Amino acid sequence: MNARSGSALTFGVAVALIAGVTLGNGGANVMPVFVDDFASRFAMSDSGAGLVAATQLMATAVVTLLLAKRAARPGRVRMTRVGLAVSGAGFLGAAAATTPVTLILANLVLGAGLGAVYAAATAALAATDDADKASAVTICGVVGVTALLIMGVPTANHDLGEGTGFLLMALCCLLAWPLLSRLPDGPAGPGAPGVESAGTGGVASAKPSVVLLAGTGLLWAVTQGAWSYASVIGRQHTGMSHSAVSAVLAISSVVALVGAVVGPIAARHFGRMRSMAVFVTAQALAMAALIFTHDPVIFTVAAVLWQACQLAVLVQMLAAAALIDPTGRLVASLSGAGALGTGVGPLAVGAILDGAGAGVLSPVLAIGTFIASLPLLRMTVASGEAADEPQPGRVPTV
């Protein structure tokens with residue numbers, strides 16, 4: 001379905017992709033632990049800690065978007081290493097910060113560095129010879145490594161002292177330095193769909209439309225925003241204990257790996273457009289059910305289904321973008337838009353939840369998911385054209 005020229009997905013390439021994407025999106029994935037550290041170290045209120053978190057997340061998202069075009073050209077290994085150096089310095093600064101101002105500045109620096117890593121690593125996904133397989137393997141690896149970081153960072157803070165979790169993240173940047181040498185350094189070769197363009201390995205990068213970026217940002221604002229409050233909603237609506245809700249969410253995150261595996265299989269057997277539409281619909285309904293239900297069993301089933309479909313959608317989205325634009329610019333741009341939505345989502349969802357309640361939030365999020373998915377579904381149609389009927393001299397419009 002997506003045969004083309006590009007780097008073979010060897011073990012070294014897979015490790016490099018996992019390391020880059022994990023660290024690039026590490027701030028967002030480990031943010032709940034960071035927020036806890038901000039609040040306890042500096043006696044911050046929830047809103048104060050949230051402001052510091054938003055500073056880092058927005059810096060990552062903006063830099064990812066700004067560097068998406070640069071990530072489409074050769075030199076990704078150097079770009080990721082510069083990003084690792086900058087983010088490592090930021091992590092060290094956050095560990096040593098003694099005032100809220102220096103903490104915010106450090107988070108700006110580390111967020112910018114992570115954005116450079118994220119742009120280059122996600123763009124490199126498009127340089128492999130099998131976009132579906134590369135996306136699935138990378139996402140599965142990211143989920144596993146992130147789980148280790150979520151356990152390791154708070155353990156370091158608890159056992160070694162507040163702020164040492166940032167030292168652990170700085171160490172991860174150092175460890176990733178040699179691993180990223182195997183990152184595909186440039187776009188897929190001239191055999192991939194696209195046009196001749198000097199400086200991008202023989203193919204032209206596809207400039208993403210504002211509508212597509214907005215839809216991606218909205219989708220992740222809805223999903224990540226709602227997920228941020230899943231624990232609170234579970235305890236308040238179902239009467240489950242804190243530990244029981246945590247166990248459900250942890251299990252659903254692990255079981256969600258099934259979605260990353262099933263996504264490419266469904267695309268091959270039923271078509272990318274049709275399977276993507278099914279996953280988006282199931283995700284929206286599961287999300288609405290989880291927020292609205294008062295039954296622990298339904299809550300558990302909805303959480304598992306939601307996370308599995310979310311990973312399936314993510315893998316399909318990355319693979320479709322990689323097929324349309326083998327330079328990687330489109331993948332990096334969508335990743336930046338998703339990071340932006342991730343930063344804004346919790347604030348927006350929290351405001352709706354406080355102002356209107358779960359009864360209104362549930363249909364709003366379901367409708368928002370359907371609206372946000374429309375440009376992504378259109379993109380999957382374009383990816384099918386790029387994979388099945390490549391036309392030299394043209395990049396499919398998305």
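**Entry 1**

I started with S252, which sits in helix α12, a stretch covering residues 242-255. I kept in mind that I am working with a predicted model. Is S252 buried or exposed? I found a relative accessible area of 0% for S252, so this residue is buried, since buried means under 20%. Next I asked which residues S252 touches, leaving aside those up to four places away in sequence. My list came out as W227, A303, V304 and Q307.

I then turned to A247, which also lies in α12. A247 has a relative accessibility of 35%, so I wrote it down as partly exposed; that class falls between the 20% and 50% cut-offs. I also checked A247 against T300: the two are 53 residues apart in sequence, and their C-alpha atoms are 9.8 Å apart in space.

**Entry 2: helix α16**

My next stop was α16, residues 329-356. Why did I expect a span of 40 Å here? Helix α16 has 28 residues, and I counted 1.5 Å for each residue, using one less than the number of residues. The C-alpha atoms at the ends of α16 are 39 Å apart, which agrees with that expectation.

I also noted a kink in α16 of about 35° at V344, shortly before the proline P346. After α16 comes G357, and I found its phi to be positive, near 90°.

**Entry 3: the second largest pocket**

I looked up the second largest pocket and noted a volume of about 230 Å³. Which helices each supply at least two residues of its lining? They are α1 (11-24), α8 (131-160) and α9 (164-179). Among the lining residues I wrote down I18, T22, L148, C172 and L179. Sorted by class, this lining has 10 nonpolar residues, 1 polar residue and no charged ones.

**Entry 4: the largest cavity**

The largest cavity has a volume of about 60 Å³. Its lining is made up of G24, N25, G27, A28, L57, T60, L114 and A339. Helices α2 (26-29) and α4 (46-66) each give at least two residues to this lining. By class, I noted 4 nonpolar and 4 polar residues around the largest cavity, with no charged ones.

Conventions
Residues are numbered from 1 along each chain as its sequence is written. This is a predicted model: local features need pLDDT of at least 70, side-chain atom pairs count only at pLDDT 80 or more; totals for chains, interfaces and linings use all residues. Side-chain values use heavy atoms; hydrogens and water are left out. Helices (H or I, at least four residues) and strands (E, at least two) are DSSP runs, numbered from the N terminus. Buried means under 20% relative accessible area, exposed over 50%, partly exposed in between (1.4 Å probe, protein chains only). Contact means heavy atoms within 4.5 Å. On a 1 Å grid over the protein atoms alone, a cavity is a set of points where a 1.4 Å probe fits but cannot get out, and a pocket is an open set with protein on both sides within 12 Å along at least five of seven lines; lining residues have an atom within 4 Å of a point. Grid points are joined across faces, edges and corners, and a volume is the space filled by probe spheres set on the points. Ala, Val, Leu, Ile, Met, Phe, Trp, Tyr, Cys and Pro count as nonpolar, Asp, Glu, Lys and Arg as charged, and the others, Gly among them, as polar. The bend at a residue is the angle between axes fitted to the seven residues ending there and the seven starting there.
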